[in-house]
Amino acid sequence: MVKKERAAKIIAALEELYPEAECALEYKGEPWKLLVMGILSAQCTDKRVNIVCEDMFTEIDTQEKMAQAPVELIERYVKPCGLYKTKAKNISACAKKLVNEFGGVLPDDMDTLLTFPGVGRKIANLLLGDIFKKPAIVTDTHCIRLAGRMGLTPKDEKNPLKVEKELVKIIPPEKQSDFCHRMVFFGREYCSARSPKCEECPLKTLCKKAGADPQR
């Protein structure tokens, strides 16, 4: 089974399993909040980010307030997410940049997004795919691990950019963002890092790790 064929079958199976492809970060349709939550998600679970931000966004409920908030206040909220001093500093700087340089309108191109403090390709792709509905592969830990296990990318490849480039070749542009969201759901429900449920996995006939036809 060639990679594109395997990818098409996996996409179809994931669409059947998870018809509603939603971002795991609960940003309630406000782009600036997804920017903040994306920064917080580094080395932190989406669940914890959602909990932390629910409290923080109650007090700091606009991007203007975030731009004006003392870094120490942001630190106090985001401390449970780890690396909190760096993350708070980047969130503050991003809010200021967004409000002062872009009039509060998030830019919709990769190169500009990468100029925001703390924003790498993973966060930029998340914003491009979820906010602007552009083709975007978000190579988070779920995507990297599962793509390797399933045979969509070399199994030992952990470099996010290389994984992204491999997946862009085989995932149709209009499917990319939702595919990544569904990989997160699937990773949580069936294919965790420590205890994958291979025997009951609904994708085991497609997964290279489970013995499906090797890729060519």
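Because the structure is predicted, local features were taken at pLDDT of at least 70 and side-chain atom pairs at pLDDT 80 or more, while totals for chains, interfaces and linings use all residues. Residues are numbered from 1 along each chain as its sequence is written, and side-chain values rest on heavy atoms, with hydrogens and water left out.

Across the whole structure, the search returned three cavities of 30 Å³ or more, a cavity being a set of points, on a 1 Å grid over the protein atoms alone, where a 1.4 Å probe fits but cannot get out. Grid points are joined across faces, edges and corners, and each volume is the space filled by probe spheres set on the points. The largest cavity has a volume of about 110 Å³ and is lined by 14 residues (those with an atom within 4 Å of a point), of which Phe186, Cys191, Cys198, Cys201 and Cys207 lie nearest its centre. Its lining comprises 10 nonpolar and four charged residues and no polar ones, where Ala, Val, Leu, Ile, Met, Phe, Trp, Tyr, Cys and Pro count as nonpolar, Asp, Glu, Lys and Arg as charged, and the others, Gly among them, as polar.

Two or more lining residues come from each of α2 (31-40) and α6 (84-102), helices here being DSSP runs of H or I with at least four residues, numbered from the N terminus. Helix α6 gives the most to this lining, with four residues, and the lining as a whole divides into seven nonpolar residues, one polar and no charged.

Helix α6 also holds Ser92, which is buried at a relative accessible area of 4%, the term denoting under 20% with a 1.4 Å probe and protein chains only. Beyond residues up to four places away in sequence, Ser92 touches Ala69, Val71 and Ile74, contact requiring heavy atoms within 4.5 Å.

Definitions and conventions: On a 1 Å grid over the protein atoms alone, a cavity is a set of points where a 1.4 Å probe fits but cannot get out, and a pocket is an open set with protein on both sides within 12 Å along at least five of seven lines; lining residues have an atom within 4 Å of a point. Buried means under 20% relative accessible area, exposed over 50%, partly exposed in between (1.4 Å probe, protein chains only).
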